[in-house]
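Keep the viewer open as you read.

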Amino acid sequence: MGMGSDMYRQQILDHYKNPRNYGELEEPTFTHVGENPMCGDEIRMDVRLEDDGETIEYVAFKGDGCAISQASASMLSSELQGKTLEELQEMDRDDVVDMLGVDISPMRIKCAVLAEKVAQDGAEIYRGELEKEKTTTED
Ligand code: ZN
């Protein structure tokens, strides 16, 4: 492991200890929750859209779980601001791994993608394209 990877590890720990956009929104456009039963990670995401109903204005999250899952949610909450729902739907696990900046073992990939799945399912439910009470990484 080189220096670069070390820096990213520090960044993950920083997001874990000092999560960005942590909390709840007063008037979210939609809210969704999810869990990764393998590890015990839980994420709740509140998303507020601009008046166009397409651009993400603000994201807040609350959660509990391992450093990877919570850091991923913290980074994603910042990353999504200003993006459209379409851009959110186009994200995949590679984008999440790039965002985290470290190699994620197959065991931990579900921790890494939980926040992204919660945001994507929340957006689909909001658009009436999906019916689901809770996202789980086991789906
Ligand atoms: Zn985890």
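In H2, the buried residues are Ile68, Ser69, Gln70, Ala71, Ser72, Ala73, Ser74, Met75, Leu76, Ser77 and Glu79; buried means 20 or more other C-beta atoms within 10 Å of the residue's own, with C-beta atoms placed from the backbone. That makes eleven of the 13 residues, so H2 is largely enclosed by the rest of the structure. Helices here are DSSP runs (H or I, at least four residues), numbered from the N terminus.

A bit of housekeeping: this is a predicted model, where local features need pLDDT of at least 70, side-chain atom pairs count only at pLDDT 80 or more, and totals for chains, interfaces and linings use all residues. Residues are numbered from 1 along each chain as its sequence is written.

Take Glu79, which sits in H2. Glu79 counts as buried because it has 21 C-beta neighbours inside 10 Å. Met99 is 20 residues away from Glu79 in sequence, yet their C-alpha atoms are 8.8 Å apart.

Now, how do H2 and helix H5 (residues 109-126) cross? Their axes, lines fitted to C-alpha atoms over the stretch in contact, come within 7 Å and cross at roughly 40°, with angles running from 0 to 180 degrees between N-to-C directions. The contact (C-beta atoms, placed from the backbone, within 7 Å) is made by Ile68, Ser69, Ser72, Ala73 and Leu76 of H2 and by Cys111, Ala112, Leu114, Ala115, Glu116 and Ala119 of H5.

Notes. Buried ≥ 20, exposed ≤ 12 C-beta atoms within 10 Å, placed from the backbone. Helix = DSSP H or I, 4+ residues; strand = E, 2+ residues; numbered from the N terminus. Contact = placed C-beta atoms within 7 Å.
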